[in-house]
Amino acid sequence: MLNFGNPPNVDNDPRIIILILNIRDGYTPGGAYTAGYFYSYNQGNASNSNKAEVFYLDANPLNLKSDNGIYTGMGITAHEFQHMIHYNYTPPSSQTFFNEAFSEIATYLNGYGIRGTSRYANETNQYLLRWRT
């Protein structure tokens, strides 16, 4: 990820932890799910912080035993790793749209394609600098 910089290193350990688990996201077959996430809280000193560089990768419905699942998982990994790097350089008040855009480009730069634009193209009347609930 030399394109974006270095990840934080709160624990003085160069390793990054990728926790693979079934993210409790209400997934139902054919529906949307949370594929992964970086939680900046783990960078702090709170008593229940992991105090380490951690990001999470969903194992359901992602099947990491299949070629397609590995390919998708690696793309998600590139995306989440950029969020971690972004956190190291950018104040929390930065615009989410730019952070997500950088993560999409990170996925592309690492060879895992780019998501389709149909969701936006089907409804372009969106303010991109704020997330909808």
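D13 is partly exposed, at 22% relative accessibility (buried is under 20% relative accessible area, exposed over 50%, partly exposed in between, with a 1.4 Å probe and protein chains only). The model is predicted, so local features need pLDDT of at least 70 and side-chain atom pairs pLDDT 80 or more, while totals for chains, interfaces and linings use all residues. Residues are numbered from 1 along each chain as its sequence is written, and side-chain values use heavy atoms, without hydrogens or water.

The side chain of D13 forms a salt bridge with that of R15, at 3.0 Å from N to O (a side-chain nitrogen of Lys or Arg within 4 Å of a carboxyl oxygen of Asp or Glu). The structure holds one salt bridge. Side chains of opposite charge can pair when their charged atoms come close. R15 is exposed, at 60% relative accessibility.

N12 is exposed as well, at 67%. N12 sits in the segment before β1 (strands are DSSP runs of E, at least two residues; helices are runs of H or I, at least four; both are numbered from the N terminus). Its phi is positive, about 55 degrees, although N12 is not a glycine. K51 also has a positive phi, near 50 degrees. K51 lies in the loop between β2 (36–38) and β3 and is partly exposed, at 34%. A cis peptide bond joins N60 and P61, with omega of about 20 degrees. P61 belongs to the loop between β3 (54–58) and α1. Most residues other than glycine have a negative phi, and most peptide bonds are trans.

P8 is placed in the segment before β1 (17–21). P8 counts as buried because its relative accessibility is 8%. P8 and N88 are 80 residues apart in sequence, yet 5.1 Å apart C-alpha to C-alpha.

The second largest pocket holds about 230 Å³ of space. A pocket is an open set of points on a 1 Å grid over the protein atoms alone, where a 1.4 Å probe fits, with protein on both sides within 12 Å along at least five of seven lines; lining residues have an atom within 4 Å of a point. The lining has 13 residues, with H86, Y87, P92, S94 and N99 nearest the centre. Helices α1 (67–89) and α2 (96–109) each give two or more residues to this lining. Four lining residues are nonpolar, eight polar and one charged (Ala, Val, Leu, Ile, Met, Phe, Trp, Tyr, Cys and Pro count as nonpolar, Asp, Glu, Lys and Arg as charged, the others, Gly among them, as polar).

How values were computed: Points joined across faces, edges and corners; volume = space filled by probe spheres on them.
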